[in-house]
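Take a look at the structure first.

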Amino acid sequence: MIAPGSPNQTCPPDQWDDPDVSNPLDRLTLDELRSRTSEKWRRYPPDVLPVFVAEMDADLARPVTAALRQAIERGDTGYAFGTDYAEALAGFAAERWGWRFDIAQARPVADVITGVVEAVRLISDVGAGVVVNPPVYHPFFPTIEHMERRVVEAPLGPDGRIDFATLEAAFQEPGNGAYLLCNPQNPTGAVHTRDELTRVAELAHAYRVRVVADEIHAPLVLAGAAFTPYLDVDPAGLSIMSASKAWNLAGMKAAILVAGTEALGDLARLPEIASEATSHFGVVSHVAALRHGGPWLDEVLAAIDGNRRLLGELLGRELPQIGYRQPEGTYLAWLDCRGLGIDGDPAAFFLQRGRVALVAGELFGTGGAGHVRLNIGTSPAVIREAVRRMATALSG
């Protein structure tokens, strides 16, 4: 769907697939995508191929488009109100994950990071340590510091999963009263198993650590893995969920803070202003996605599944020195570039030499240096071109 090649070199036509109109990630041309004004398409010049920020190259699901159009046509542009979002999420969770919660356990918040801030404030004091598992979603670090808490790192193991000995050691340290869990894990794409989450809950209870789970990628779990909501194993936990990542609605801000049955007292202390900041259009679009966007999501999941396998094949052939473990969830690929012999940040190298924009791994904390994050929520053609540009940058 996009014109091949970098500004100075053209890729042979036989290396490009014909667009697959049944694939929601392969329906838009490059010109159509570049007409967008979001960060993905405005941060870098037009000669740069953007595969960095977590935006998908997909059109909206039709139920979402219809819901927003109807709201515009009737001038429904006021303040968000009611329990529609919680009801829609509860229905989706029951259908997809077999998990049920009462809407009395849920409150809307402006977005996931706002929900994280409010949840951590509810369960910890200023100066407390908040444990995270780097490499992890990089806004966690400034967010914790902004709340006047301390970042405490309990790095993932070499397999990209929770290292329980390291986690327990962090829980044992005095003053570390909260744990910010990323489930599924961004950027590694690991989907924590029920057994892993049960072990987290056991340790948290043993050391009186409260768990806040960022579960924004929950609907984006791929074949071979299964999502377990953290609150399904820990009634004392708090979870923040949103339809924004799965249905490409980052600009339609809204999320839901859900409390476990033993954390309802915490939820009762949530300031009313935290819910009043939720976008009405965000709620309208997210409700439509959760209630009627399942078929579109299934198409996207199938496309991401194909893309993660395609990326593995391309890297194995063109850049075998890069370490890559196919993600179990999300549409983000975590690439270990330490074997390439690049001096410094590989993301900066590939941007300068290959005109391909990736996210620098060092932003994600300990274990991130020498890595990059690549967004595979795009067409197969873009993935092929990104790998071609990276390989060309190294050979040049």
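## Ground rules

Pockets and cavities are found on a 1 Å grid over the protein atoms alone: a cavity is a set of points where a 1.4 Å probe fits but cannot get out, while a pocket is an open set with protein on both sides within 12 Å along at least five of seven lines, and lining residues have an atom within 4 Å of a point. Grid points are joined across faces, edges and corners, and volume is the space filled by probe spheres set on the points.

This is a predicted model, where local features need pLDDT of at least 70 and side-chain atom pairs count only at pLDDT 80 or more, while totals for chains, interfaces and linings use all residues. Residues are numbered from 1 along each chain as its sequence is written, and side-chain values use heavy atoms, with hydrogens and water left out.

## Second largest pocket

The second largest pocket holds about 410 Å³ of space. Its lining runs to 23 residues, with Pro158, Asp159, Gly160, Arg325 and Trp334 nearest the centre. Strands S9 (323-324) and S10 (332-336) are the elements giving two or more residues to this lining (helices are DSSP runs of H or I, at least four residues, and strands of E, at least two, numbered from the N terminus). S10 has the largest share, at three residues.

## Largest pocket

The largest pocket comes in at about 720 Å³. It has 35 lining residues, and Val53, Ala54, Tyr137, Pro139 and Lys245 sit closest to its centre. H13 gives the most to the lining, three residues.

Sorted by class, that lining has 22 nonpolar, five polar and eight charged residues (Ala, Val, Leu, Ile, Met, Phe, Trp, Tyr, Cys and Pro count as nonpolar, Asp, Glu, Lys and Arg as charged, and the others, Gly among them, as polar).

## H7 against H8

Helices H7 (residues 164-172) and H8 (residues 194-206) pack at about 25°, their axes 10 Å apart (axes are lines fitted to C-alpha atoms, for helices over the stretch in contact, and angles run from 0 to 180 degrees between N-to-C directions). So H7 is roughly parallel to H8, a label for angles under 35 degrees.

Note on methods: Angles under 35 degrees count as roughly parallel, over 145 as roughly antiparallel, 65 to 115 as roughly perpendicular and the rest as oblique.
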